[in-house]
Amino acid sequence: MLNTNLAQQSLSRRRFLQTVSAGALAAGAFNLPGLMSVNADELRKQGRSMILLWMQGAPSQFETFDPKPGTENGGPTEAIETSVPGIRIAKGWENTAKVMDEIALVRSMTNKEGNHQRATYQLHTGYIPSGSVKHPSLGSNLAKMLADPAHELPSVVSVGQTVGAGYLGVDYEPFVVNDPGSMPQNVTTTVPTPRFERRLGLLDKLEDDFAGRGGAAVVDSHKRLYGKTAKLVLSPAIKSFDISTEPAPLREKYGSTQFGRGCLLARKLVEAGVTFVEVRAGNWDTHDNNFERTTTLAGQVDPGAAALIADLKERGLMEKTLVVWMGEFGRTPRINPRNGRDHYPRVFNGWLAGGGVKGGQVIGSSTPDGAGVKDNPVSVPDLFCSVCKSLGVDPRHESLSPIGRPLKIVDGGEVVPGLFA
Amino acid sequence: MAATSSCSVRFSELSGAKRLSTGAVLLVVPLTAVLVAGALSGRNEADAAPPEQPAPSKRFARPNAPRPFDRDSRRGDSARKSDSSANTGKGAPTQRAVARHVSPSDSAGTAAAIDVVIREELAESKSSVAPVAADEDFLRRVTFDLTGTSPSPRDVTLFGLDSDPAKRAKLVDQLLDSDEFSRNWARYWRDVVFSRATEMRAQFATQTFEDWMHGEFQKKAPWDAIATSMLTAKGGVREEGSTGLIFAHGAEPAEVAAEVSRIFLGIQIQCANCHDHPTDAWKREQFHQLAAFFPRLRLQPKMTTPRTFEVVSLDSTPFGGRGGGNPLGALRENPELAIRRLDQNRDGKLSKSEAEDGPLGRLFDRLLGLGDTNKDGMLSAEELKKIEPPMMAGRGSREYHMPDLNNPSAPGKRIDPEFFVTHEKPGADLSDADRRAAVARYITSPDNPWFARAFVNRIWSEMLGEGFYIPVDDMGPEREPRYGKALDLLADGFVSNRYDVRWVYRTIASTEAYQRQIRPTEATENPTPFVAAVPTRLRSDQLYSAITKVLGIDDLGGGGMRRPGGGMGRGPRTPRDNFAQLFGFDPSTPHDEVVGSVPQALFLMNSPLLTNLMRAGGRTTLSGILTKYSSDRDALNELYLMVLAREPSEKELKICTDYIAEVNNRNEAFEDLLWSLLNSSEFLTKR
C-alpha cells in the first residue's frame, strides 16, 4: 500500500500527504517522508504564524483608532494618549494604548465593497465573491505555504465561523472552535485509549478488502484523514485547546469574554505551532446607538487584544507572529438620526503588530471630516501583500482553481511603504 | 404523436428565431431540413464543428503555465483546442444543434447505442473493460443514486434471490417512481444552487427551494419547465421555492447571469466578466449581454416577522417616469426632475420634510451625509449631481451597464440583452417579465445544445463518478468531451423525450457503463474513463439517510452536533441541516476533489450521540442483531448487510472472528466492529 502510494507522489501533492495510516499511527510507526522542496522546508521551519482579530460587522474608525474629537462627524467620542507621543486613539482603548509602540495603525484603508457578506469574503480571501470559484481564505493560503504537514494540530483554527479553504480543500480548512472556553467537540474518545487504538487497528485491517476491490484511492485518502484525526485526538498537543490551565491572573488580563478567551487560545495555539488563528468579535454593525455600543464592544476587545500583544512579547513570539486587527469596512462620517453610523468602505482603519512590523507609527490618514483618504491609501491587496511579506510568503504564488485557472494568493497591490522596520 | 407535438414546439421556437439577426436565420435552414426529413442521420460530419488540429497541451492562455497535478492528465481528452478563434466558439454549438432525433428515443435503445460508442472507443485504447457489478453492488449503487439511501438487508437478500433477468430495469423503474427519488434530487439541486450563494441570507430559503423542487420532480415536470420557473420566478422567497436561484445571488444581474450559465448551460461565461475569456471564445460583452436580461430584478426586504424578501420586477421608477430603477438611480439620471417633483416650497432645494414623504424617505439622511457640501441641511440639484455613484457601477438602473474597467465609478456602457449561444435578441426597453421569459425561452430551446448537455453530463457524472466533461459546470465551448458521441446520444434523446428527467436516469442506469464493477485503478497517468465504476463519496444527505437507517432511528437529534444558530430569521435547524453543516459539499465539485474533513472524522469517531446508538445493550439495532443471531458468523453477516449492504468476504469474516476471540467479550467486540464499519471508507462511499 505504501509503495504504490509513493509511486504516485510525483503526480500529486495531495496524494503525497496521504501516507499516514491509522494503523501506522497506532503502532507508533509514524514517520514523515522528507519529500518537500527545500525552500518550502526552510519556510516551514521558521514557524511563522498569524493571528487575525476580526471585527465582524465593520467597526467605526471614529470610535476605534481614528477619533476626530471636537468635529461634527467625530461625535462625542474622546481621544486618549497612547504610549507613543502624538498617536491618539479613541477613549475605551486604554489597554491597547499601552502597547501602541508595538502597533502600526493604518488609517487609510479603502475599498468599494459595502455589503457585509461580500466584504467579509473579500477581506478574508483578497477576492470579491464569485459563483464560479471559491477562493481560499488568506489563512488557508498561508497554511498551505507555511504549515508543517506532520504537525498534530490543524494548521488553521478559527474561533467562530469563517471563510473556508475554498478549492485548497480539506488540509487547509479552518478547524472551527465555537466556544474557546471549552474543548472542541468530539475530540475526546468515548472509550478508553487502548480500546480506541484497538479499534483503529481493526478499522485499518477491515479497509483492505475494499481497497483491493477498487477502493484503493478512497481508502488511502480516508486513512490519511483518520491518521491526522486520530493523531489530534491522541496528541498531548490537544491540550493547547484548553485555556483553563493558564494562570488565573493571565486569564483575567485577557478578560472573561468570548473574545478574550479566544485571544488567549490563539496565543496557546500559535505557541503550539498552529499557522493561522482567527478570533472573532461580533456586533460591530452599529447602525444605531453607535456610541454606547462601541464603548461596550471596546470593553470586550481592548483587554484581549492588548493582553495578546503583551503576552506574545513576553514569550518572545512577537517577531514571528503577525497580529492583524480589522473588520470588513468602516462607518459613515455622518451620524445618522438613530445616533448610528452606516456602512462606509471608502475609508476605514485597522492595525498590524509583530511579524517584523514597525510599531508605534501611523500609516496614512483620513481627511479632517473623515469622508475620504487624505494620504497613503491602502487597498485590500496592499494589505494582503504586506501580510505575505511579514510571513515570508510570495504573494504572487499561484495555485490552480478547480477549473484550471491559476490564481495568485494576492492579485495586484504592493507592500505598504514604511510598514516594516 | 409525440413527434408531432415536439415539432410544433420547435416551430414556435423557430418563428421566434426568424425575427433575429441573419446569423440566426442561417441556423434555421439546416434545422428545418432535418425536421422535414425526420431523419436520425442529421448527425454527420458536416454538422459537427469544423475540425481543428488538437493541441491538448495548451489549456491556459499563457506559455509554460503550471499544470494541475493529477487532474490535467486525466483531462487530456477534454483539453481545449489551440486555436480559440471566436468563430468556432460561436459556430460550434449552433451547428451542432441540428443533430438530434426527431422521434423520442427509448431508454434501452439509447443505452445500448451509448455502450456501443464507448466500447468502440475503448477497443482503440486497449483498456480492458471491468465486468458487470454483482447484484449487491448494483443494488446499493442505484439505490443511493436514485433514492439517496442504502438498501436494507432485506432488500439485498430479496434482490439477490430474484431470478427475473429484467430485475435491474424493474428496480430502476420502481425507484424512479418513489417519493425518495424526488426528495433525493431536490436536495441535490438545493446544494447545487445554494453552495455558491453570494447572498448568505439565502440560507433560510433552502428548505422552501427543496420542497418546491421535490414537488416539481413528483409531478414529473420536464427540465425546461423547471428551468423556466427558476428563471422567471417572482414572489416571496419563503413561499416561492422557484425564487431560490435568484435569491441566492441577491438578484444581482451579473451574479444571476453567471449562475444561470453555469448551472443550466455548464458554461462559465462569467470569466468574461472583466476581460475576454482567457481560454474560451466568449467576449466580455457577451457575458454582460446575458446579464442584461436581469437588470430589473430586485430583492425587496419585507419587514415582517420573520423577516423575508420578495423577488420583484422594477420596471418603473418611484417617480413614475422611466428615469431609473430606484430613487438613487432616478436622482442620478435627472436630479432636476426629482427636485421639481418634490420641492414643495420651490426654493430649488430638497429639505428633509420635503423628501421624507416621497420615495427618497429613508435614503435622505444618507444622501445628505454624502452630498450636503454647504451643510445647509438641504440638497440642491448641484449637490445631488456631485454625490458619488453607488458602490457598484450600474446598480440601481433599469438598464444594464457594463462597467468601465478603467473608471469603475463611471456608469459604464449600456448593454441590451442578447443570448450568446444563439445570438437571439428580445429587443430593447423590455419589461423584466419579458426579458426573463425571453431568456428562459432561448436557454431551454432545442436550438441551444448546451441546455440538454449540461443536464445529462451532470447526471451522468453524478451516477458514474466522472463526466464526459469534468467539471460538470465548465464544459465549453473550446473543450472536447470524452466520448462526445455518447454524450450527444444522451443529450439528443433527452431533447426528443421533451426533457423528461426520469428518461435520463433510466437510460444511464441501463447502460453497461453504469453497471460495471469498481476495480483497482490502472497504474497509468491517464486512466481511461468509463472502463470501470468509480467509487465516489456519498453526499451529506445520502450519508445521513444511511446512518439513520443503520442505527434504526428517524433523526440524529441531540448533542454532538452543536452549531451556533445563524443570522436573521433562520428557521430552526433540523438534525439533517446540522449534519450537512459538517458533511455537506458543493455537488458541482469534481468527485475526486471531495474528501473528508477532520471534524467529520471526529464526529464519526467520537460523537457521544453515535456511541450511544452503537451500543450492544439497550434498544439498538446492534443489540437486536446480537439477540437474534447467537452465531457470530450469522451476526457478522447481518451486520455487514446492514452497514455495507453486502455479505462479508471470507477474509473479513476471519479478521472479525479473530478480533472477537481476541477481545473475548462479545458485546464489546461487536461494538468495535460496528464502529469500524461505520468509520470505514466503504461506508462513506458509493461503490
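Two residues are in contact if their C-beta atoms, placed from the backbone, lie within 7 Å. By this criterion, in a model that is predicted, residues 24 or more positions apart account for 67% of those contacts in chain B that have a separation of 6 or more.

The secondary structure of chain B consists of 31 helices and nine strands. Of the 687 residues in chain B, 52% are buried.

## Interface between chains A and B

Chain A brings 60 residues to the contact, and chain B brings 66 residues. On the side of chain A that touches chain B, at least two residues each come from helix H6 (116–125), helix H8 (193–234) and strand S15 (398–400) of chain A. H8(A) gives the most to this side, with 24 residues.

In composition, the residues of chain A on the side that touches chain B comprise 23 nonpolar, 22 polar and 15 charged.

## Helix H6 of chain A

H6(A), which supplies at least two residues to the side of chain A that touches chain B, is mostly covered, with nine of its ten residues buried. The buried residues are His116(A), Arg118(A), Ala119(A), Thr120(A), Tyr121(A), Gln122(A), Leu123(A), His124(A) and Thr125(A).

Within chain A, the buried residues of H6(A) pack against helix H7 (138–146), strand S8 (321–327) and helix H12 (380–391). Just after H6(A), Gly126(A) adopts a positive phi of about 90°.

Technical notes. Residues numbered from 1 in each chain as written. Chains lettered and ligands numbered in written order. Predicted model: local features only at pLDDT ≥ 70, side-chain atom pairs only at ≥ 80, totals over all residues. Helix = DSSP H or I, 4+ residues; strand = E, 2+ residues; numbered from the N terminus. Buried ≥ 20, exposed ≤ 12 C-beta atoms within 10 Å, placed from the backbone. Nonpolar A, V, L, I, M, F, W, Y, C, P; charged D, E, K, R; others polar.
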